[in-house]
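Subject: Structure handover and findings

Dear colleague,

Please find the sequence and structure below. My notes on what was found follow directly after them.

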Amino acid sequence: MNNSKFKIEEIEIREVREEDYEDMAKIFYESSLLHNKNDKTFKKPGNFKSYKEDVIASIQGYQVYTALYEKNVVGVVQFLERKIAESSEMTTRNPLTVKDIAIKKDFHKKGIGALLMNKVFEIAKEDKIDEVILNVWGFNEKALNFYKKLGFDIEYYALRREIK
């Protein structure tokens with residue numbers, strides 16, 4: 001797969017299929033290595049075969065869309081619609097929650113993440129969803145900036161202090 005003549009118009013966005021699982025797992029594996037490198041609370045992924053089985057199990061119950069270039073998966077987004085019941089502190093919310101989005105390293109900064117997120121927004125609108133929410137790790141400034149460009153606002157901070 002040669003991305004030197006890449007054109008965003010050649011990307012196809014569609015629901016994940018069983019034949020995509022191998023490529024999808026490779027992309028999540030690559031992302032997991034990046035997370036482990038930047039935050040040691042992330043376990044370094046073990047052998048790929050068991051990692052792939054874990055990824056396939058983890059997508060059950062989620063909607064998953066892939067970005068394909070030349071029939072190869074180069075990006076994936078995993079999300080879930082869920083209602084958050086009203087409580088004494090919060091009103092009822094009807095968000096679509098993005099669990100994971102990952103783009104093959106060679107295809108970063110080519111617009112694929114935006115295409116996948118636009119698919120998420122399209123589904124949210126069709127399903128009359130109030131909002132799209134997601135989490136970003138503090139070390140991942142590239143992702144944070146990406147989401148800000150898409151119109152996301154920072155809603156809260158989660159802080160951590162190591163005790164030694």
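The side chains of Lys119 and Glu122 form a salt bridge, with N and O 3.1 Å apart; the term requires a side-chain nitrogen of Lys or Arg within 4 Å of a carboxyl oxygen of Asp or Glu. Both residues belong to helix α3, where Lys119 and Glu122 are three residues apart, about one turn of the helix. Helices (H or I, at least four residues) and strands (E, at least two) are DSSP runs, numbered from the N terminus. Glu122 counts as partly exposed because its relative accessible area is 38%, where buried means under 20%, exposed over 50% and partly exposed in between, with a 1.4 Å probe and protein chains only.

Please note that this is a predicted model, in which local features need pLDDT of at least 70 and side-chain atom pairs count only at pLDDT 80 or more, while totals for chains, interfaces and linings use all residues. Residues are numbered from 1 along each chain as its sequence is written, and side-chain values use heavy atoms, with hydrogens and water left out.

Salt bridges

By the rule above, the count is six salt bridges. Glu12, Arg14 and Asp20 are linked in a network of them. Asp20 and Arg14 are both buried; for Arg14 the relative accessibility is 11%. Glu12, at 42%, is partly exposed.

Nonpolar cores

A nonpolar core is a set of buried Ala, Val, Leu, Ile, Met, Phe, Trp, Tyr and Cys residues joined through side-chain atoms within 4.5 Å. The largest one has 24 residues, of which Phe79, Leu96, Val98, Ile112 and Val132 touch the most other members. Two or more residues each come from β2 (63–69), β3 (72–81), β4, α3, β5 (131–134) and α4. Helix α3 gives the largest share, six residues.

Ile112 has contacts (heavy atoms within 4.5 Å) with residues including Phe6, Ile8, Ala67, Val74 and Phe107, not counting residues up to four places away in sequence. A second, separate core has 14 residues, among them Phe28, Val55, Val76 and Ala102.

Aromatic pairs

The model contains seven aromatic pairs. Rings of Phe, Tyr and Trp (its six-membered ring) pair if their centres lie within 6.5 Å; planes under 30 degrees apart count as stacked, over 60 as edge-to-face and the rest as tilted. Tyr147 and Phe152 form an edge-to-face pair, at 5.6 Å centre to centre and 75° between the planes. Both of these residues, Tyr147 and Phe152, are buried. Together with Phe121 and Phe146, Tyr147 and Phe152 form one aromatic cluster.

Lys110 lies in the loop between β4 (95–103) and α3 (112–126). Lys110 is partly exposed, at 30% relative accessibility, and touches Asn3, Phe6 and Ile8, not counting residues up to four places away in sequence.

Tyr157 is found in the segment after α4 (141–149). This residue, Tyr157, is exposed, with a relative accessible area of 68%.

Yours sincerely
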